[in-house]
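Reader: I am new to this structure and would like a friendly walk through it. Could we take it one question at a time?

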Amino acid sequence: MLTLQFIPYTEIENLGSARRVKKILDVVKQDKIVLLEGRLKKEEETDLIEITMEEINNKFKGIELAVIDPQTKNVPFMGKIKRSFINMLLGDRQGLTIIGPASIVKDIKKDPHKIELLTKESIKKKGKK
Amino acid sequence: MANIFKRIINKILRNLFKRKKHIKLGLYGPPNVGKTTLANKICEDWLGEEMGKVSNIPHETREIQIKEQINIKSNGRELSFNLVDTPGIATKIDYEDFMKVGLKESEAKKRAKEATKGVIDAIKWLDDMDAVVVVLDATKDPYSQVNITIIGNLQARDIPVVIVGNKIDLKKAQIKRIQAAFPQYEVIGISAKYGNNLNDFYESLFKVAS
């Protein structure tokens, strides 16, 4: 059975980078898929990969990660400035970050228009058909 | 605040290096995209020797490899750099995957442990680079979060980047897909294995280092 846990941005906004990453990894290590409102800072994404590597063992195999960002291609220049300003003040709340344990999430396929989360179970079923 | 300060210092240091025309050039990317094959090709072309071992098993390179004093020449210009080949960056490493390609359990576990350390080292070295070649497999989906995270981090650190789509000798290669995924960067399609389009690649190194 898949368990999804939604983490609103308000739950991490006052945490430092290390504690944000730890909070997410703690949930993922309970075999839950995290749906995080917004996205981590770019440096935090690499911290997440680095700490994940430190924690890998025979049981915990790592994570699958994807960020869905709202399209900014057709947003006018002033709109982009406004977004950057809001992000600077309140953190990057736009979009959604999906982080799952690699033992459950086989792959997250992403292109600009859609996202597909493939679990190990769904791949086995596909193979049986 | 500390990060901003660190970035400013890095930028100043990088500019100092640029004036000397001797830079630290990193090869980054996911596992098994051909970073070491490209490193070997560069070394063969300009030093007449190879740099590291390659294989079809992911995470063959598990330690940072450095080749010093590579001088490339083109149209009367000269560029001197230290080439840093890094372990492939991944978000997951399962020792059982290595067993599926024929390694014994003990070897697979050892390789997995070394591979995790390699990823950590590669990330730690990011800050030391003056310019980076991000190597992607042109036959694979470019939208993976590892690619986006590596390139996003280099952008945040203000490190110049050139993206290489490797394996264009294969039928499934789609350079246009990489260009669509990262439109703000120059994307060069090459085959490191067969040496295709390497002149364009060397030309891009002059641009990224200037």
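This is a predicted model: local features need pLDDT of at least 70, side-chain atom pairs count only at pLDDT 80 or more; totals for chains, interfaces and linings use all residues.

Reader: Is Lys167(B) buried or exposed?

Author: A residue counts as buried if 20 or more other C-beta atoms lie within 10 Å of its own. Lys167(B) has 23 C-beta neighbours inside 10 Å, so Lys167(B) is buried.

Reader: What is the phi of Lys167(B)?

Author: Lys167(B) is a residue other than glycine, and its phi is positive. The value is near 75°.

Reader: Where is His59(B), and is it buried or exposed?

Author: His59(B) lies in the loop between helix H2 (35-47) and strand E2 (65-74) of chain B. This residue is not a glycine, yet it has a positive phi of about 65°. Within 10 Å there are 21 other C-beta atoms, and the cut-off is 20 or more. Therefore His59(B) is buried.

Reader: In what order do the elements of chain B run?

Author: Chain B has seven helices and six strands. Read from the N terminus on, their order is α-β-α-β-β-α-α-β-α-β-α-β-α.

Reader: What share of the contacts in chain B, between residues at least 6 apart in sequence, join residues at least 24 apart?

Author: Chain B has 210 residues, of which 43% count as buried. Taking its contacts between residues at least 6 apart in sequence, the share that joins residues at least 24 apart is 70%.

Reader: Which residues have the most contacts inside the largest nonpolar core?

Author: The largest nonpolar core has 73 residues. Those with the most contacts inside it are Ile89(B), Val132(B), Val134(B) and Val164(B).

Reader: Which residue of chain A does Ile89(B) touch?

Author: Let us set aside residues up to four places away in sequence. In chain B, Ile89(B) then touches Tyr28(B), Pro30(B), Val119(B), Ala122(B), Ile123(B), Val146(B) and Ile150(B). From chain A, the residue it touches is Ile49(A).

Reader: Which element gives the most to the side of chain A that touches chain B?

Author: The contact takes 21 residues from chain A and 17 residues from chain B. On the chain A side, the elements that give two or more residues are helix H2 (42-55), strand E3 (63-68) and strand E5 (105-111). With nine residues, the element that gives the most is H2(A).

Reader: How is H2(A) oriented to H4(B)?

Author: H2(A) and helix H4 (residues 105-125) of chain B pack with their axes 8 Å apart, at an angle of about 155°. Angles over 145 degrees count as roughly antiparallel. So H2(A) to H4(B) is roughly antiparallel.

Reader: Which residues of H4(B) meet H2(A)?

Author: The crossing of H2(A) and H4(B) is left-handed. By class, their contact has five nonpolar, two polar and two charged residues. H2(A) brings Thr46(A), Ile49(A), Glu50(A), Met53(A) and Glu54(A). They meet, in H4(B), Thr116(B), Val119(B), Ile120(B) and Ile123(B).

Reader: How is H1(A) oriented to H2(A)?

Author: Helix H1 (residues 17-28) of chain A packs with H2(A) at an angle of about 55°, and their axes are 10 Å apart. The crossing of these helices, H1(A) and H2(A), is right-handed. The angle makes H1(A), relative to H2(A), oblique.

Reader: Which residues does Ile66(B) contact, leaving aside its neighbours within four places in sequence?

Author: Ile66(B) belongs to strand E2 of chain B. It has 14 other C-beta atoms within 10 Å and is partly exposed. Beyond its neighbours within four places in sequence, the contacts of Ile66(B) are Asn82(B) and Val84(B).

Reader: How far apart in space are Ile66(B) and Leu103(B)?

Author: In sequence, Ile66(B) and Leu103(B) are 37 residues apart. In space, C-alpha to C-alpha, the distance is 27 Å.

Definitions and conventions: Residues are numbered from 1 along each chain as its sequence is written. Chains are lettered from A and ligands numbered from 1 in the order in which they are written. Two residues are in contact if their C-beta atoms, placed from the backbone, lie within 7 Å. Helices (H or I, at least four residues) and strands (E, at least two) are DSSP runs, numbered from the N terminus. A residue is buried if 20 or more other C-beta atoms lie within 10 Å of its own, exposed if 12 or fewer, and partly exposed in between; C-beta atoms are placed from the backbone. Axes are lines fitted to C-alpha atoms, for helices over the stretch in contact, and angles run from 0 to 180 degrees between N-to-C directions. Angles under 35 degrees count as roughly parallel, over 145 as roughly antiparallel, 65 to 115 as roughly perpendicular and the rest as oblique. A crossing is left-handed if the near helix is turned anticlockwise from the far one by less than a right angle, and right-handed if clockwise. A nonpolar core is a set of buried Ala, Val, Leu, Ile, Met, Phe, Trp, Tyr and Cys residues joined through C-beta atoms within 7 Å. Ala, Val, Leu, Ile, Met, Phe, Trp, Tyr, Cys and Pro count as nonpolar, Asp, Glu, Lys and Arg as charged, and the others, Gly among them, as polar.
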